[in-house]
Amino acid sequence: MTDPEPTDAQAEAARGHIALWLDPEDARWLARHCCCPDDAAEETHDRCLRLRFRASVALHRSGLHG
Ligand SMILES: [Zn+2]
C-alpha cells in the first residue's frame, strides 16, 4: 500500500463522511475480520470490504500498519 494522503476533514465532510474514532486493536480486528456468510449479497461483501479497507488505511495513517 502506498502512503495515503493526510485526511482532509473538510473534503471528507463534503463527501458526507463522518469521523469514527477506534482503539488501534479494534481497528486491527475490523481490518482483518470478515464475518459475511457464504451467501451474503454482493452489496454486503462490498460494504465489508470497504469497512475493512478503511480500518487498515486508518491504521496505516496512524503509523500502526494493521
Ligand atoms: Zn465480510
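Predicted model: local features only at pLDDT ≥ 70, side-chain atom pairs only at ≥ 80, totals over all residues.

Modeller: Helix 3 has 20 residues, and from its first C-alpha to its last it reaches 28 Å, which is close to the 28 Å expected. After helix 3 comes Gly-63, whose phi is positive, near 75°. The neighbour to consider is helix 2 (residues 24-32), whose axis comes within 8 Å of the axis of helix 3 (residues 42-61) and crosses that axis at roughly 140°. Because of this angle, helix 2 counts as oblique to helix 3, and the crossing of the two is left-handed. On the side of helix 2, the contact is made by Pro-24, Ala-27, Arg-28, Leu-30 and Ala-31, while helix 3 brings Leu-51, Arg-52, Ala-55, Ser-56, Ala-58 and Leu-59. Sorted by class, this contact has 8 nonpolar, 1 polar and 2 charged residues. As for confidence, the mean pLDDT of the protein chain is 89, and 89% of its residues reach 70 or more, with helix 2 having the highest mean among the elements, 95.

Conventions
Residues numbered from 1 in each chain as written. Axes fitted to C-alpha atoms, helices over the stretch in contact; angles between N-to-C directions. Helix = DSSP H or I, 4+ residues; strand = E, 2+ residues; numbered from the N terminus. Parallel < 35°, antiparallel > 145°, perpendicular 65-115°, else oblique. Left-handed = near helix turned anticlockwise from the far one by under 90°. Contact = placed C-beta atoms within 7 Å. Nonpolar A, V, L, I, M, F, W, Y, C, P; charged D, E, K, R; others polar. pLDDT = per-residue confidence, 0-100. Expected span 1.5 Å × (residues − 1).
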